[in-house]
Amino acid sequence: MSLIRADGVSFSYFGSLEPVFKNLNFTADTSWRTGLIGENGSGKTTLFKLLCGEEKSGGKIISDVPFVRFPFDADPRGVSLRVMRGERLAVVGENGCGKSTLLKFIAESLQGEEVSYVSQQCEDVCGTPAQYAAAWGIDEPSFKSMLAKLGFGRTDWDKDMSLLSTGQRKKAALARSLLTKARLYLWDEPFNYLDIPAREMIEDAIIASSPTMAFVEHDAAFVSRAATRIFQI
């Protein structure tokens, strides 16, 4: 249980004659479920931006806990996308319409945020499993245990995974992602190159954990079972 405190917070948007906030003071406890209400334009969303550090203000906002703001918004090339907390969003459309580009755009736009991105080819998978786990800051025994369930053998522990097949690299990337504590998971065609047992395990894992996720996948059965909403490009 921690306190969130605003002391003398003032904020104005550039070019505005009227401040959004002037000498704002409040205290909130993180154990509360607090609803923020007010008229349109009164500064509700602006306050959330200040708490998350997206805008700078006068005065002080004091807290020892991180802030998380939902939904995630993206607007690449005129395509507007919103991902709500706890949602598993399937991005669908014809080949070449920009589905993968959209996921990559979101991943690059949210660098520094807690986002876990798995690309189609998994080119970033390299080193031994131990080295890869260390590079991503995940628990090595848990990573190896998940790889074993996905079909890796003991002889693979000393191999450079960049030399493995695309399917094996995809398994390593998905295992890493599943073991990463992220606010948003972005998976680009996760079932490409995977065998049926691996597909079933991955599907069961994401349905059980209910992550906030946007994914591209051509497997219609998986989309039907796993997606909570479909976004058509």
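Visitor: Okay, which residues of helix α4 are buried?
Guide: Keeping in mind that this is a predicted model, the buried residues of helix α4, which covers residues 140-149, are F143, M146 and L147. Looking down the axis of α4, you would find these buried residues within an arc of 100°, so they line one face of the helix.

Visitor: And what's exposed on the other side of α4?
Guide: On that other side of α4, the exposed residues are P141 and K149.

Visitor: What covers the buried residues, then?
Guide: The cover over the buried residues of α4 includes α3, which is 129-136, together with α5 and α6. Just after α4 comes G151, which takes a positive phi of about 110°.

Visitor: Switching topic: at what angle do α5 and α6 pack?
Guide: Helix α5 (residues 166-178) and helix α6 (residues 196-209) pack at an angle of about 15°, and their axes are 12 Å apart. Since angles under 35 degrees count as roughly parallel, α5 and α6 are therefore roughly parallel to each other.

Visitor: Is the crossing left-handed or right-handed?
Guide: The crossing in which α5 passes α6 is left-handed.

Visitor: Which residues meet there?
Guide: From α5 come K171, L174 and L178, and in α6 they meet A198, I202, A205 and I206.

Visitor: How many of those are nonpolar, polar or charged?
Guide: In the contact of α5 with α6, six residues are nonpolar and one is charged, while no polar residue takes part.

Note on methods. Residues are numbered from 1 along each chain as its sequence is written. This is a predicted model: local features need pLDDT of at least 70, side-chain atom pairs count only at pLDDT 80 or more; totals for chains, interfaces and linings use all residues. Side-chain values use heavy atoms; hydrogens and water are left out. Axes are lines fitted to C-alpha atoms, for helices over the stretch in contact, and angles run from 0 to 180 degrees between N-to-C directions. Helices (H or I, at least four residues) and strands (E, at least two) are DSSP runs, numbered from the N terminus. Angles under 35 degrees count as roughly parallel, over 145 as roughly antiparallel, 65 to 115 as roughly perpendicular and the rest as oblique. A crossing is left-handed if the near helix is turned anticlockwise from the far one by less than a right angle, and right-handed if clockwise. Contact means heavy atoms within 4.5 Å. Ala, Val, Leu, Ile, Met, Phe, Trp, Tyr, Cys and Pro count as nonpolar, Asp, Glu, Lys and Arg as charged, and the others, Gly among them, as polar. Buried means under 20% relative accessible area, exposed over 50%, partly exposed in between (1.4 Å probe, protein chains only). The arc is that of the directions from the helix axis to the C-beta atoms.
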